Amino acid sequence: MRKLLVAVAAAALALSACSSEGGGGSDGNVTITFWDNNGGPAREPIYKELISRFEAANPTIKVEYVGIPSASVQQKYDTAIAGGETPDVGGVTTSYLAHLVGQEALAPLDDRINGGALKDKLLPSLVETVRQTAPDGKLYIVPSSANMDIIWYRTDWFEDAGLEAPKTWDEFITTATKLTDTAANKYGYTIRGGAGSVFQLITEAYAYSGVDTFFKDGKSTLNDPANAELVDRVADLYKKATPEADVNNSFTQMIAQFTGGSVAMMHHNLGSYSDVTKALGDKVAAMPLPVGPSGKRTVVPNPTDGFAVFKNSEHQDAAWKFAEFLTSAESNSYWNEKVGQIPANTDVRGAAWIDQAAHVKMALGVLEDPTTVLVPAPVYLPQYSSITKTDSEPQYQKVLLGELSGQQFLDEMANKLTEAQKEWEDRK
């Protein structure tokens, strides 16, 4: 028995010598794994460059890059959590952040952020969006970048017609009509009627109505009459100032029409910058979604991107060091310049490239404006995606075809969201 105990103790000592926080072996070197949640040929080289810089500055830490397609990343995370094989650091968006937090998979980062170089260096609107997504209001990701819904428009068409970019929805609808010439196959606007349509429609509705919260007294405000009014007004443009094919348009078809030269205005987000500028060069520009009769600027933000440290990581200090590096001013500037999105680190605000990137500068101005009200969609609800996509996208097509009113459409969706919110609150 004594010999057995000695052997066990010796084995334990040897094992402990092979591991340490921030080290993968007795020499203090660490290998951490990083999952890119939107892996692909466009983003991988950017991360590889940042990893190279990080490893040069931190020679005892090696980072293994794994690119995961965005369409399957949530499932990959679920599988990894169930099997206890999560990465050390992962890209995570607020669209599934609550889902991961609910599985107790992520380490809260509040203390690390407040005790380090990122304290007071992150865009407050993005920090608040992350807090609102987590059930307990903690920061389980450090925000890195943001996207925003905008209107891309053909500056050459506007100049030829002597028109300025519309600031209100009334001006927008008038402009779309004026720029339409169906005989010449030219349309003022293109509607996304197929896959992905409803989230864009929701951002338009709240931009028009000025309603400043998604739930009030436990009930969804989505079916507010002013929101329904906007849905009907947009639907009224269908086939009059938009192509007939719009009813089935996903992003691919929508952007093909815009870049192909038959459409003057398209609602998407900053992420399509490279697509539109590659095709149209300096003949395209961005403007914020118009405001409605209230004059208030209400913005339904896109999911915020960030980096999470997984609770299962044996090297959380090293993992945090890498996440902190990725959101430092230099790295955050490099990343967002390459992808054309809004940097989370406020020290990047003065970077030269932002002055040259008019679309990013415009979006930053909207988010930094103290009068702008953010209305985060309840992406934390487990049923949110199925309600707004599977259930509602076919119904929106009925609205476009005149088979359903905007109010009927939003009533149905709002009731489902209210019920989902109640279930979520009960679980909390």
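Trainee: In which helix is the place of His359?

Mentor: His359 belongs to helix 16, which covers residues 358-368. Please bear in mind throughout that the model is a predicted one.

Trainee: Is His359 buried or exposed?

Mentor: His359 counts as buried because its relative accessibility is 6%, and buried means under 20%.

Trainee: Which residues does His359 touch, leaving aside those up to four places away in sequence?

Mentor: His359 touches Trp152, Leu270, Tyr273, Ala286 and Gly340. A further relation concerns Met287: the C-alpha atoms of His359 and Met287 are 7.5 Å apart in space, although 72 residues separate the two in sequence.

Trainee: Into which domains is the protein divided?

Mentor: Domain 1 comprises 30-146 + 303-368, and domain 2 comprises 149-302 + 372-426. Their centres, taken over C-alpha atoms, are separated by 28 Å. Domain 1 supplies 19 residues to the contact and domain 2 supplies 17 residues.

Trainee: How much area do domain 1 and domain 2 bury between them?

Mentor: The two domains bury about 1500 Å² between them, and 74% of this lies on carbon and sulfur atoms. On the side of domain 1, the residues that lose the most area to domain 2 are His359, Met362 and Val366, which together account for 36% of what that side buries.

Trainee: How should I read the spacing of residues along a helix?

Mentor: An α-helix has 3.6 residues a turn, so residues three or four places apart point the same way. For a case of a covered helix, consider helix 13, residues 316-326, in which 9 of the 11 residues are buried. Among them are Trp320, Phe322 and Phe325.

Trainee: Which side chain meets that of Asp156 in a salt bridge?

Mentor: Arg154 is the partner of Asp156, at 2.7 Å from N to O. Asp156 counts as buried, at 17% relative accessibility, and Arg154 likewise counts as buried, at 7%.

Trainee: With which residue does Arg233 form a salt bridge?

Mentor: Arg233 pairs with Asp170, and their closest N and O atoms are 2.8 Å apart. Arg233 is partly exposed at 24% relative accessibility, and Asp170 is partly exposed with a relative accessible area of 46%.

Trainee: Which residue forms a salt bridge with Glu368?

Mentor: Arg349 does, with 2.9 Å between the closest N and O atoms. This pair links distant parts of the chain, 19 residues apart: Arg349 is in the loop between strand 12 (342-343) and helix 15 (352-356), whereas Glu368 is in helix 16. Arg349 counts as partly exposed, at 29% relative accessibility, and Glu368 is partly exposed as well, with a relative accessible area of 36%. Elsewhere, salt bridges that share partners join Glu49, Arg53 and Glu330 into one network.

Trainee: Over which ring does the charged end of Arg53 sit?

Mentor: The charged end of Arg53 sits over the ring of Tyr334, at 4.3 Å from its centre. In another such case, Lys186 lies over the face of Trp157, 4.9 Å from the ring centre.

Trainee: How should I read a pair of aromatic rings?

Mentor: A pair of aromatic rings is described by the distance of the centres and the angle of the planes. In this structure the count comes to 20 aromatic pairs. The ring centres of Phe172 and Tyr189 are 5.0 Å apart and the planes stand at 85°, so this pair is edge-to-face. Phe172 is in helix 8 (residues 169-178), and Tyr189 is in the loop between helix 8 and helix 9 (197-209), 17 residues apart. Both residues, Phe172 and Tyr189, are buried.

Trainee: Which kind of aromatic pair do Phe214 and Phe215 form?

Mentor: Phe214 and Phe215 form a tilted pair, with 5.7 Å centre to centre and 55° between the planes. Both Phe214 and Phe215 are buried.

Trainee: Which residues do ring pairs link into a cluster?

Mentor: Ring pairs link Phe34, Tyr47, Phe54, Tyr65, Phe307, Phe322, Phe325 and Trp335 into a cluster. Phe322 and Phe325 are also among the buried residues of helix 13.

Key
Residues numbered from 1 in each chain as written. Predicted model: local features only at pLDDT ≥ 70, side-chain atom pairs only at ≥ 80, totals over all residues. Heavy atoms only, no water. Phe/Tyr/Trp six-rings, centres within 6.5 Å; stacked < 30°, edge-to-face > 60°. Helix = DSSP H or I, 4+ residues; strand = E, 2+ residues; numbered from the N terminus. Buried < 20%, exposed > 50% of the residue type's maximum accessible area, 1.4 Å probe, protein only. Lys NZ or Arg CZ within 6 Å of the ring centre and 35° of its normal. Domains from an automatic or database assignment. Contact = heavy atoms within 4.5 Å. Buried area = accessible area lost by both parts, 1.4 Å probe. Salt bridge = Lys/Arg side-chain N within 4 Å of Asp/Glu carboxyl O.
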